[in-house]
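User: Hi! I'd like to learn how to read a chain-to-chain interface, and then a strand and its neighbours. Could you walk me through them?
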Amino acid sequence: MRDWEQYVRQHLTLPDFVPPREARIVAELASQFEDFHRDATARGLTDDEADAYARAQITDWAALADMLRAADRPHVRSRLDRWGEHLADRARERSRRVALLADLWQDLRDARRRLAAEPGFAAVTIGTLAIGVGLCCLLFAVLNGFALQPLPGAREPERLVSLQAPVSYPYFEAYRDGAGTAGALAFIGPVPFNVSTGATSGAGGARPERVSGHIVSPDYFATLGVEPLLGRLIGADGSYAASDRPEMASAVVVSERFWRTRLNGDPAAIGRTLRINGGQATVIGVAARGFAGAFPIGPADLFLPVGADPSLAPELRREPGSEAGRGPGGESGGEPGGERGAVLTRTSSPTFRVVFRLAQGQSIASLREAIELQTRALDQQYGGTQDERSERSKTTEQTERDKRDQRDERVVRGERDAHGRTTPVSLLAAGGLMPSPPSLRRITAVFFGTLIVLILSFTCANLAGVMLARGDGRSREIAVRLSLGAGRFRLVRQLLTESLLLAIGGGAAGFAAAYLLLALLARSLADSPAFSTASRLTPDLRVAAGTFAIAMLAGVIVGLAPALAATRPDLLHRLKDGPARGTRHVRRFGLRNLFLVYQMTAATALTVVIGFMVGGVYRSARADLGVDADRAWLVSLDLARDGFSRDEARAFLLALPERLATIGGIDGVSFTDAVPFAATFPTTAVAVAAGDRREAIHHVATQRIGPGFAAALGLPRPRGMELTSDPLRVDAADDALMPVVINETAARQLFGGRDPIGGVIRHESRRLQVVGVARYGKPGLFASEPAPTLLLPLTAADLVPGPPDGLTIVLHSQAGVGLPAVAGAIARVDARASAFNLRSVRQAFAQLDRGVHYGTALYALLGTFAIGLASIGLAGVTAQAVVRRRREIGIRVALGAARGSVLRLVMRDAIVMAGIGALLGAAVAVGLARVLASMNREFSQTLAGGASVGLPPLAAAAPLLLVGVALAASYLPARRSTAIDPLITIREE
Amino acid sequence: MFSAELKKGSSEMLILSLLEDEPRHGYEIGKLIEARSGGRLTFALPTLYPTLLRLENRGWIKGRWVDKPGQRRRCFYRLTPEGRRVLTDQRRTWEDFIGAVNAVMGTTHA
């Protein structure tokens, strides 16, 4: 007989009835069907006939449902009722969740209690997490602070694109008008300005400060979409040309930072006059807060229109040293107040950086195509100079040389390379802190992301190991709880809560440490005016959120696997055995152990490399440069920016030494175009006769110096003679031999075994004759000797526009030197000249080395991380061994094993792994050094230099150190094995 | 046969009267009506059952599940005191109505 109840349910649906009522109706109908069926069979029908008869009682089920609804209204729920019931269901669900929360709270309290009972474990775990998460946070903050930061102050920065190579202004104008972009700007910069704000305050003697700025095309601010904070911006009204609008000739826009710090945030600053480079300019506006120029990686605080009066910036004058400036009457080229707007028509020198704003829907590729097309046309239009060049290059006798040599040869002959006109146009994304290829941001993000994942995986794998070891130790407790009916889910959750608690602690500690470090870094960088982005280094909300996510992720990863493993439901087994033994013996070369060996390897290699770096820094700082670091002083001048013409600058420098010598104690004065011993001298190619009528090309650093340079620095006298003849005084003919002093490295590299004195070097279309060999220069980080350097005589042409960091005056004084005295003496020669940045050579060195120190600190941090992690991993292995072999140890002790042999037993694994890792690491480090040597000339020289650099001793010492640390790390947990009481462990059977 | 309206109007009264002496279950009620009317009155299940529910909802009858050994569980309906009152009223009304109709139609009591 069929199941009538099921039959009814199949046909009758009453969703709007209250469920008990529905059940009753179904049951009652089913019982009646059954009665019909039974009666039919009683009347002699077959079962099938009876079934059909019963089923025939109801044919229209839908009608029945309607009738039931009509008859049984009190039990039909209205729509409102049903909604209400739904709500009630949800409330019940929520109350379950509240219960869940209460459970969670309970878990948290349990976890805290348990962690408090194991302070060592908690400390190690939180410490490791803090290091790992802190490092991730550092990386993330740096990534966030530099690569992910949009151009401050700009609108829709993602549409900004910049030309990689600078161009001349006519080229820019053609691009701007013809490339179909939504806007284009050009600027020169960053260039230094000597600015004094005291012109109106009348404070008297307000010393000019050097401020970095841009010389900008009228569309500069409009293209970037920068709004004024006060006043108006250049080009705000669409017209700019200085000739049309005389007032623009002396207009200047300042950054918010400049306004705040230099103008004291004066709300009435608009209209104030600034003295800039000896000229006067009126502040017409303050740019939006945070705006630091189009390329804020080199921040700008002043914005001068290209149409400004040339007295305001040497960059606006006709370029001295160029063909135009050198022509007949070329000396007037440096005159302040030369023809205004000269820079706008000159095509000979590409000094303008260009930024485009892409039009809606315009692609970078289509823009590049348009620009390339225009560049070809422009090259034809302005191609005169270029044709001339190729003519000249044809006439020169040239043997078979490769391309590089040809380029070098051009430089040797003093020709500039082509303006980048013939090279394909390259466009960069300009919406960030620095222009970068569009792919670079992605690559940077991926790189940092990978690094973070790597660090995180290191940390997690390590801690998971420690947790596993601990889970093993607790397996009996967990088994008991499981057997008493604790749910697996609940237990896993509890263990997870514990690791999350640890993660929160570690994350917070790591974040705090990273924050502190970054704040310190930002503060130490903040005093350098070239670093405007320092404040962004301190973690913002995004970094904080990212760090928190990283910490939580670490917590889950670290906790989940061991928790699942520990609650594995093979209860009986573990209740009986306690911590696993025998059957679950950890394979010696299981994944985890391989990982540990790898860690040891990496840590050792890193330690060697770090030792190498630190040693390099130490050596480089300690190197005996033969200089009187505490008696030699440096002070900077920027004559071009103080408004000097070339002739005036020459006269000034000729008069200066005498005047400075009147200051008590000063017994030597000289000058140079670069900070002595700086590592950033421009390198250039020179040619030296190499016999057989052939010339060898060498790359050397050059520095230009005045007479008495060695004496002023307190250097030993050069072999041969010092530069004495003064080209400042005498205009040497172009083809005359120019005297040069070279350093010992250059003597060896350029002349081999020959005596360099009297030798001739070709450089920039001039012939130089070596008159002396000096011990000069600072060995690089890895180099055992200084780079080859040429000390050339400073000529008048080097003074205006002069080097970007100004001219450096070198003073030698038995007593100390004060800036007021020096500045006073300088002002007495010419009141316009302003001295800045007085420091001893020792202080200058410290400044130069700062970047290196940051690098070293970073490596040291990484090294600590690596060694710390490796130690923790080894400690974990040992701890696990102790737990695993508890019983074995008990038996051994019972049989009379000595303490030492027990220790050896449990530490054996860790020691073997540490040893293998350390040996591999040393090998990797040596291999790495070889690879580096093949890529880096300095490095290879160092390696060739051999023992003085200390790689071999380091490669031997670092593994020893690491193995020592490993021993110490595994000894701590191993000690616990000696405390095992054989009675207790054996009774546990 | 009688028209549907006639049956519908009387069905409640018939059910109540069948329950006057003892509780009965739904199938039994249907069968009794059929048997006592000599097959002239039949109530199909789709008509009878909703009527039972309606009567119960009015409080005139009350269903109760009863397990009898060897038999399936059934719902037995019995008359409530109110149902009994209603039945008395209906019966009187019915007799008045029949009397009046007979008087008009001029038939005598059998």
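This is a predicted model: local features need pLDDT of at least 70, side-chain atom pairs count only at pLDDT 80 or more; totals for chains, interfaces and linings use all residues.

User: Which helices of chain A supply at least two residues each to the side that touches chain B?

Analyst: Those are α2 (19–42) and α4 (61–71) of chain A. With 14 residues, α2(A) gives the largest share of that side. By type, the side of chain A that touches chain B has twelve nonpolar, four polar and ten charged residues.

User: How many salt bridges does the rule find across the interface?

Analyst: A salt bridge here needs a Lys or Arg side-chain nitrogen within 4 Å of an Asp or Glu carboxyl oxygen. The rule finds three between chain A and chain B. One of them joins Arg21(A) to Glu56(B), with 3.7 Å from N to O.

User: How much area do the two chains bury between them?

Analyst: About 2,100 Å², with 56% of it on carbon and sulfur atoms. Chain A brings 26 residues to the contact and chain B brings 20 residues.

User: Now the strand: which way do the residues of β1 in chain A point?

Analyst: In β1(A), residues 160–163, Leu160(A) and Ser162(A) point one way, while Val161(A) and Leu163(A) point the other way; all are buried.

User: And which strands are joined to β1(A) by bridges?

Analyst: Strand β9(A), residues 353–357, runs antiparallel to β1(A) and is joined by three bridges; there, Phe356(A) is the bridge partner of Val161(A). Strand β10(A), residues 427–429, is also antiparallel to β1(A), with three bridges, and its Leu427(A) stands opposite Leu163(A).

Notes
Residues are numbered from 1 along each chain as its sequence is written. Chains are lettered from A and ligands numbered from 1 in the order in which they are written. Side-chain values use heavy atoms; hydrogens and water are left out. Contact means heavy atoms within 4.5 Å. Buried area is the accessible area (1.4 Å probe) that two parts lose on being put together, summed over both. Helices (H or I, at least four residues) and strands (E, at least two) are DSSP runs, numbered from the N terminus. Ala, Val, Leu, Ile, Met, Phe, Trp, Tyr, Cys and Pro count as nonpolar, Asp, Glu, Lys and Arg as charged, and the others, Gly among them, as polar. Buried means under 20% relative accessible area, exposed over 50%, partly exposed in between (1.4 Å probe, protein chains only). Two strands pair if DSSP finds at least two bridges between them.
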